[in-house]
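This briefing is meant to be read with the structure open alongside it.

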Amino acid sequence: MNWKVFRTRAITALVFVLVMMAGLLLNEWSFLLLFSVIHFGCWIEYQRLLGRIDPSYKNISTFHRYGVMLAGWSMMLYAAGDIYHIANITLPGIGLAMGLTFAFALPIVEILFSQQVNFTHIRYSALGLIYISLSWALMINIRSIHEIWVTGNGCPYEVGLMIPLVTIFSIWINDTMAYIVGSLIGKTPFSKISPKKTIEGTAGGIILCVASMGILAYFIKMPVMHICIIAAISAVAGTAGDLLESKIKRMANVKDSGSIMPGHGGFLDRFDSLLLATPFVWLYVMIVMK
C-alpha cells in the first residue's frame with residue numbers, strides 16, 4: 001500500500017465529510033451556500049470536459065461561459081421556498097428576475113458578438129442546465145419543504161432536511177457496499193463504460209443500502225416505507241449517474257473530472273450520483289409524499 005496516497009485520500013475524505021456535514025446541518029443558508037459552490041464547481045468541470053470532447057466549445061464567449069452558470073444559479077434561487085428571504089425580498093423573486101434577464105441577454109449577446117450562432121454550443125449549455133442546474137434547483141426545493149415528521153418516539157424531524165440527508169447517505173452506503181460486495185464476489189461485468197463495476201456488486205450495494213436505511217428508519221421510528229423507497233431510488237439512479245459521468249469522462253479521455261479534491265477527483269466525480277438521483281427523489285416526494 002502506498003501510505004502517502006492513502007494519507008492524502010484519507011485527509012481529503014475527512015475534510016470533504018466535515019464540509020458537507022457543516023453545510024447540510026448548520027441551517028438552510030449554509031445548505032444553499034454549499035450547493036451553490038457545488039453548482040459552480042460542477043459547471044466549470046462540465047465546460048472543461050465538453051471542451052475536450054468538442055474543442056470548438058472552448059471558444060464560447062466569456063459572457064456565454066459565465067452567463068449560463070449564473071442562469072443556472074438563478075434556477076436554484078427560483079426553486080427556493082419561503083424560508084429563504086432577506087427582509088421582504090424572497091430568493092425566488094431574485095431568481096425569477098435573474099432568470100428572465102439571462103433568458104433575454106444570452107441569445108442577444110450570442111447573436112451580436114459571435115461571428116456565427118453555433119447551435120451545437122447552445123445545445124451543450126442547455127444540457128448542462130438540465131444535468132447540473134435543474135438537479136441542484138430541485139435539491140434546494142426539497143430543502144424548502146416546511147413539513148415536520150414526528151416519529152414514534154416523539155422526536156420531530158424536518159422533512160426538508162431529512163430527505164436530502166437520506167438521499168446522500170443512501171448513495172454513500174450504496175457506493176461503499178457495492179465496492180465491498182464487488183470485491184468479494186463480483187465476477188460478472190456490469191457495463192463496458194465502467195469495467196470495474198460488477199452485477200453482483202451493483203445488486204449487493206442496492207440491496208444492502210435499502211436494508212441499512214430501512215433498519216435505521218425502524219429504530220429511530222421514521223416512516224420505513226418512504227425511507228426504503230427513497231434509498232432504492234437513490235441507489236439505482238445514483239448508479240446510473242455514476243455511469244453517465246464515466247461515459248462523459250471516457251468521451252473526454254480523462255480519468256477524473258477535476259482535481260479539487262486530491263485523490264478523489266473533482267466535483268462531478270463526487271456528486272455524479274446525486275445529480276441524477278435528486279430529480280427522481282424530488283418526483284417521489286412531490287407525487288407520493290405530499
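The points below are grouped by topic.

The model is a predicted one. Its protein chain holds 9 helices and 4 strands, and 46% of its 290 residues count as buried.

**Overall fold and dimensions**

- Read from the N terminus on, the elements of the protein chain follow the order α-α-α-β-β-α-α-β-β-α-α-α-α.
- The protein chain has a radius of gyration of 20 Å, which agrees with the value near 19 Å that a compact globule of 290 residues would have.
- Taken along the principal axes, the box filled by the C-alpha atoms of the protein chain is roughly 60 × 50 × 35 Å.
- Among the contacts in the protein chain with a separation of 6 or more, 69% are accounted for by residues 24 or more positions apart.

**Packing of α3 against α4**

- Helix α3, covering residues 62-79, packs with helix α4, covering residues 91-113, at an angle of about 155°, and the two axes lie 8 Å apart.
- Because angles over 145 degrees count as roughly antiparallel, α3 and α4 are roughly antiparallel to each other.
- The crossing of α3 and α4 is left-handed.
- On the α3 side, the residues that make the contact include Phe 63, Val 68, Leu 70, Trp 73, Leu 77 and Tyr 78, while on the α4 side they include Leu 91, Pro 92, Ile 94, Met 98, Phe 102, Leu 106 and Val 109.

- Lys 221 is not a glycine, yet its phi is positive, at about 60°; the residue is found in the loop between α7 (199-219) and α8 (224-252).
- Lys 221 has a relative accessibility of 42% and therefore counts as partly exposed, since that class lies between the limits of 20% and 50%.
- Asn 253 likewise has a positive phi of about 60° although it is not a glycine, and its place is in the loop between α8 and α9 (267-289).
- With a relative accessible area of 65%, Asn 253 is exposed, because the exposed class begins over 50%.

Methods. Residues are numbered from 1 along each chain as its sequence is written. This is a predicted model: local features need pLDDT of at least 70, side-chain atom pairs count only at pLDDT 80 or more; totals for chains, interfaces and linings use all residues. Side-chain values use heavy atoms; hydrogens and water are left out. Axes are lines fitted to C-alpha atoms, for helices over the stretch in contact, and angles run from 0 to 180 degrees between N-to-C directions. Helices (H or I, at least four residues) and strands (E, at least two) are DSSP runs, numbered from the N terminus. Angles under 35 degrees count as roughly parallel, over 145 as roughly antiparallel, 65 to 115 as roughly perpendicular and the rest as oblique. A crossing is left-handed if the near helix is turned anticlockwise from the far one by less than a right angle, and right-handed if clockwise. Contact means heavy atoms within 4.5 Å. The radius of gyration is taken over C-alpha atoms; the globule rule is 2.2 Å times the number of residues to the power 0.38. Buried means under 20% relative accessible area, exposed over 50%, partly exposed in between (1.4 Å probe, protein chains only).
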